[in-house]
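Look over the sequence and the model below before reading on.

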Amino acid sequence: MTAFAELTSSQAAELLAGTRTPVLLLPVGAVEPHGPHAPLGTDELISAGMCARAAERLDGDPDVRVLVLPALNYGVTDLGAPFPGGVSIGADTLRALVTDVCRSLVAQGFSRIVVVNNHFEPAHVATVRAAVTDAGVAYLDLLRRANVARLTDEFRSGSCHAGRYETSLVLADRPALVDTDVMRELPDVHVDMPAAMSAGHADFVQMSMDRAYCGSPAAATAAEGRSTFDTLTDLLVELIREVGR
């Protein structure tokens with residue numbers, strides 16, 4: 001059993017009394033447009049997929065017991081506002097939600113928590129970083145230079161919203177959620193998103209992402225997604241071991 005919410009209260013208490021250090025993972029994402037081919041919940045799906053794989057990899061580990069908390073699937077997602085389906089919450093709401101969830105667990109003795117986020121809108125990322133600082137818990141920051149260097153060429157390019165990188169991950173985890181007929185017909189769209197946001201472009205349309213994606217979704221494969229999940233899981237397991245010490 002790796003889902004925290006499937007435990008009984010008695011089993012949760014046993015975690016704190018056991019010889020293995022409990023480490024809880026909190027997946028975070030958003031509901032936002034990911035092109036005409038990928039699901040609105042892509043970001044949370046990736047976070048949850050990483051957490052599930054890390055918990056499975058460490059199942060039976062003598063030192064740590066890893067459990068996955070229910071995901072937080074709403075975030076700050078203003079860039080997708082011109083397209084249907086996005087659900088954005090305020091930064092204050094997100095900060096309070098992440099902080100309160102973590103503090104509630106810390107107060108019970110579950111002090112080793114890792115927040116795992118795959119929604120990279122700057123206001124969202126800044127808010128999550130502030131929340132984990134408030135709560136005193138760990139954060140797997142995939143935008144740190146050392147972590148970025150271990151991910152794919154498209155991710156490093158900054159042109160990767162619903163492109164090859166993210167679409168491959170969804171194909172590896174939930175292939176039925178990708179409209180592959182549409183995906184194969186999508187042309188490459190190169191947009192340096194960090195540069196575009198620095199230039200003041202406030203949404204995907206202003207960034208010339210008129211179908212809410214950039215990168216190369218037509219090149220996505222489940223095999224690449226599995227390989228990328230392996231790398232993401234490596235990064236998460238490394239942090240779990242650090243937190244569990």
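**Cavity, pockets and a helix crossing**

Strand E2 (residues 64-68) gives the most to the lining of the largest cavity, with three residues. Helices (H or I, at least four residues) and strands (E, at least two) are DSSP runs, numbered from the N terminus. The model is a predicted one, in which local features need pLDDT of at least 70 and side-chain atom pairs count only at pLDDT 80 or more, while totals for chains, interfaces and linings use all residues. Residues are numbered from 1 along each chain as its sequence is written, and side-chain values use heavy atoms, with hydrogens and water left out.

The lining of the largest cavity consists of Met1, Thr2, Arg20, Ala55, Leu58, Asp59, Gly60, Val64, Arg65 and Val66. On a 1 Å grid over the protein atoms alone, a cavity is a set of points where a 1.4 Å probe fits but cannot get out, and a pocket is an open set with protein on both sides within 12 Å along at least five of seven lines; lining residues have an atom within 4 Å of a point. The volume of the largest cavity is about 40 Å³, where a volume is the space filled by probe spheres set on the points, and grid points are joined across faces, edges and corners. The count of cavities of 30 Å³ or more is one. By class, this lining has five nonpolar, two polar and three charged residues. Here Ala, Val, Leu, Ile, Met, Phe, Trp, Tyr, Cys and Pro count as nonpolar, Asp, Glu, Lys and Arg as charged, and the others, Gly among them, as polar.

Next come the pockets. The largest pocket has a volume of about 550 Å³ and a lining of 26 residues, of which Phe120, Leu143, Met193, Pro194 and Met197 lie nearest its centre. At least two lining residues come from each of helix H4 (122-135), helix H6 (153-157), helix H7 (164-173) and helix H9 (193-198). The lining of the largest pocket divides into 13 nonpolar, six polar and seven charged residues.

For the second largest pocket, the volume is about 160 Å³. Its lining is made up of Tyr139, Leu140, Asp141, Arg144, Ala146, Asn147, Leu235, Glu238, Leu239 and Glu242. Two or more of these residues come from each of strand E4 (138-140), helix H5 (145-148) and H10. H10 gives the most, with four residues.

H10 also takes part in a helix pair. Two packed helices are described by the angle between their axes and the distance between the axes. The axes of helix H2 (residues 42-57) and helix H10 (residues 222-244) come within 9 Å and cross at roughly 65°; axes are lines fitted to C-alpha atoms, for helices over the stretch in contact, and angles run from 0 to 180 degrees between N-to-C directions. Contact means heavy atoms within 4.5 Å. Among the contact residues are Ile46, Gly49 and Met50 of H2 and Phe229, Asp230 and Leu232 of H10. By class, the contact has nine nonpolar, two polar and four charged residues.

Finally, the backbone. Alanine 162, in the loop between H6 and H7, has a positive phi of about 60° although it is not a glycine. Alanine 162 is buried, with a relative accessible area of 1%. Serine 208, in the loop between H9 and H10, has a positive phi near 70°. Serine 208 is exposed, with a relative accessible area of 53%. Buried means under 20% relative accessible area, exposed over 50%, and partly exposed in between (1.4 Å probe, protein chains only).
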